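This briefing is meant to be read with the sequence and the model side by side. Please look at the structure first, and then work through the points below.

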Amino acid sequence: MNWFLFIATEPFVFEDTVMQPGQTAVGNWDRQPGIKEMKHGILYVVPEDCITQYHRARGLKKISSALVREAILDYYGIN
C-alpha cells in the first residue's frame, strides 16, 4: 500500500472538516506513485518503502504523520 500527502489549494469541506489552503492530510492508498492535481489540491503518492526507509533512517519504529509528510516532500524535492 502506497502513502499519500494531500495539500489543499482552496477551501473545501471534507466529511465534517473545513480544509483551508495549505492544510494537509496523509494516509495509505492503493494509487500508483506520482503527483496529481485534484479538484481542491495536489496529491503526492510515494511507494510504501520510501516511508519505511525514511523512518528507519531516523531510528523510529512507529510511523508519524508529520514524518510521512516530510518524507513525501523530500521524495519529490519540495521544501
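The notes that follow describe a sheet and the helices that accompany it.

The model is predicted. It contains an open sheet of four strands in the order β4-β1-β6-β5, with antiparallel pairing. Because β4 (residues 24-29) and β5 (residues 34-37) stand at the edges with a single partner strand each, one side of each is left without a neighbour in the sheet. From one strand to the next, the twist averages 20°.

**Pairing within the sheet**

- Strands of a sheet pair through backbone hydrogen bonds, in either a parallel or an antiparallel arrangement.
- Strand β1, which spans residues 2-8, pairs with β4 in the antiparallel sense over six bridges, and along this pairing W3 stands opposite N28 in β4.
- β1 also pairs with β6 in the antiparallel sense, again over six bridges, and here the bridge partner of L5 is Y44 in β6.
- β5 and β6 run antiparallel and are joined by four bridges, with G34 having V45 in β6 as its bridge partner.
- The two strands β5 and β6 form a hairpin, with three residues lying between them.
- β6 is mostly covered, since five of its six residues are buried.

**Helix α2 and the sheet**

- Helix α2, made up of residues 65-75, lies across β1, β4 and β6 (residues 41-46), and runs at about 90° to β1.
- The buried residues of α2 are L67, V68, A71, I72 and L73, and these buried residues pack against β1, β4 and β6 as well as against α1.
- Just after α2, G77 takes a positive phi of about 70°.

**Contact between the two helices**

- The axes of helix α1 (residues 48-57) and α2 come within 10 Å and cross at roughly 110°; because angles of 65 to 115 degrees count as roughly perpendicular, α1 is described as roughly perpendicular to α2.
- The crossing in which α1 passes α2 is right-handed.
- On the α1 side the contact involves C50, I51, Y54 and H55, which meet L67, V68, E70, A71, I72, D74 and Y75 in α2.
- Sorted by class, this contact of α1 with α2 has eight nonpolar residues, one polar residue and two charged residues.
- Residues L67, V68, A71 and I72 are among those of α2 that meet α1, and they are also among the buried residues of α2.

Key
Residues numbered from 1 in each chain as written. Predicted model: local features only at pLDDT ≥ 70, side-chain atom pairs only at ≥ 80, totals over all residues. Heavy atoms only, no water. Pairing = 2+ DSSP bridges. Axes fitted to C-alpha atoms, helices over the stretch in contact; angles between N-to-C directions. Contact = heavy atoms within 4.5 Å. Parallel < 35°, antiparallel > 145°, perpendicular 65-115°, else oblique. Left-handed = near helix turned anticlockwise from the far one by under 90°. Nonpolar A, V, L, I, M, F, W, Y, C, P; charged D, E, K, R; others polar. Buried < 20%, exposed > 50% of the residue type's maximum accessible area, 1.4 Å probe, protein only.
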